[in-house]
Amino acid sequence: MAVIEFAFPARLWALAAIPVLVVLYLVMARRVARRRGGRSSLQLVVPRDRTWLRHLAVALALLSLVTLTLAWAKPTQDVEVPSERGTIVVTIDVSLSMEATDVEPNRLEAAKQAASEFVEGIPPRYNVSVVSFAQTAAILVPPTTDHGAAVAAIQNLQLAPSTAIGEGIYTSLNALLQVPPDPENPDEPPPARIVLLSDGKTTIGRPAALAAEQAAAQEVPIYTIAYGTENGYVEINGQREPVPVDKLELQNVADISGGEAYEAQSAQQLNEVYEDIQSSVGTEEVPMETTSRYAGAGLVFAVLASLGLVSLAARWP
């Protein structure tokens, strides 16, 4: 639940008048009722089945005072708005298992297409970096706002042996060290995310879990995408070699780093996953004044209270 703060909290003391007004209303209503022999002047002209309207009008008037007082104190609340800065490292597995055709035309080509579309949809001011990994990992494109260069690097990816997921993560974190400083906040690192695509488990290099812990320490969540199926295979020397997708390791990496884990068994699912990631990293919470919301609610309550009173007045002799 979003926390509400006020620019002028001292003004909220005006709310103390609300219970005072409630007490005065009850006391005056009782006095008038006693003078009129148990029935108030309003009750003499308002049928018993309409007394609820009088109470409702008073309640709405009090609600109007509450919301208008809150508006007077100038409330602010954290709201999600499109982010204008940040860095996304697209980290792609290019191990030989990515040649499996259980995702058409094959895992790597499907990943290239979906990753390219994802990068093209990232806000222009975002820095994008591209990292590939197999036996080793390499920064193909350092963080840049030239998204065209990132797309070109993705399209030129080539297969290589072995899988070093941990090295891919460490190299992605190193890529973030090359992020240009924000001119408006040079001492504050911009928010960053790693989007890691892989189909297999680590076969070489440092453990992925340790790399994920380092990412968590640097407050860089990792969004993992495990794509492929349990029935995937590649042909090596004319023999079918099973390459089932390993979801558990990627789920563990996401959990440790504070990110999210996704699964994709088709090119269409990959596109949907990227849309989900883009929406989550493309926004940020910023404090925004919400005075107009409370003022608007206060006006609505005031209008409803007025309508109730007018309805009652229309029944007087």
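## Ground rules

The model is predicted, so local features need pLDDT of at least 70 and side-chain atom pairs count only at pLDDT 80 or more, while totals for chains, interfaces and linings use all residues. Residues are numbered from 1 along each chain as its sequence is written, and side-chain values use heavy atoms, with hydrogens and water left out.

## The six-stranded sheet

Let's start with the sheet. Its six strands form an open sheet in the order β5-β4-β3-β6-β7-β10, with mixed pairing. Helices (H or I, at least four residues) and strands (E, at least two) are DSSP runs, numbered from the N terminus, and two strands pair if DSSP finds at least two bridges between them. The edges belong to β5 (137-144) and β10 (261-264); each has a single partner strand, so one side of each lacks a neighbour in the sheet. From one strand to the next, the twist averages 15 degrees.

Within the sheet, β3 and strand β4 (residues 127-133) run parallel and are joined by seven bridges. Thr91 has Val131 in β4 as its bridge partner. Helix α6 (residues 165-176) packs on the sheet and touches β3, β4, β5, β6 (192-198) and β7 (222-227), its direction making about 30 degrees with that of β5. Here axes are lines fitted to C-alpha atoms, for helices over the stretch in contact, and angles run from 0 to 180 degrees between N-to-C directions; contact means heavy atoms within 4.5 Å.

## Nonpolar cores

A nonpolar core is a set of buried Ala, Val, Leu, Ile, Met, Phe, Trp, Tyr and Cys residues joined through side-chain atoms within 4.5 Å. Buried means under 20% relative accessible area, exposed over 50%, and partly exposed in between (1.4 Å probe, protein chains only). The largest core has 28 residues, and Val90 and Tyr227 are among those with the most contacts inside it. Helix α4 gives the most to this core, with five residues. A second, separate core of 23 residues includes Ala208 and Leu250.

Beyond its neighbours within four places in sequence, Val90 is in contact with residues including Phe118, Val130 and Leu197.

Strands β8 (residues 233-236) and β9 (residues 239-242) run antiparallel, joined by four bridges. Ile236 stands opposite Gln239 in β9. Two residues lie between the strands of this hairpin, where Asn237 takes a positive phi near 55 degrees.

Glu99 is in the loop between β3 (87-93) and α4 (107-120), and is partly exposed at 43% relative accessible area. Leaving aside neighbours within four places in sequence, Glu99 is in contact with Asn106, Leu159 and Val234. The C-alpha atoms of Glu99 and Glu235 are separated by 9.0 Å, although these residues are 136 residues apart along the chain.
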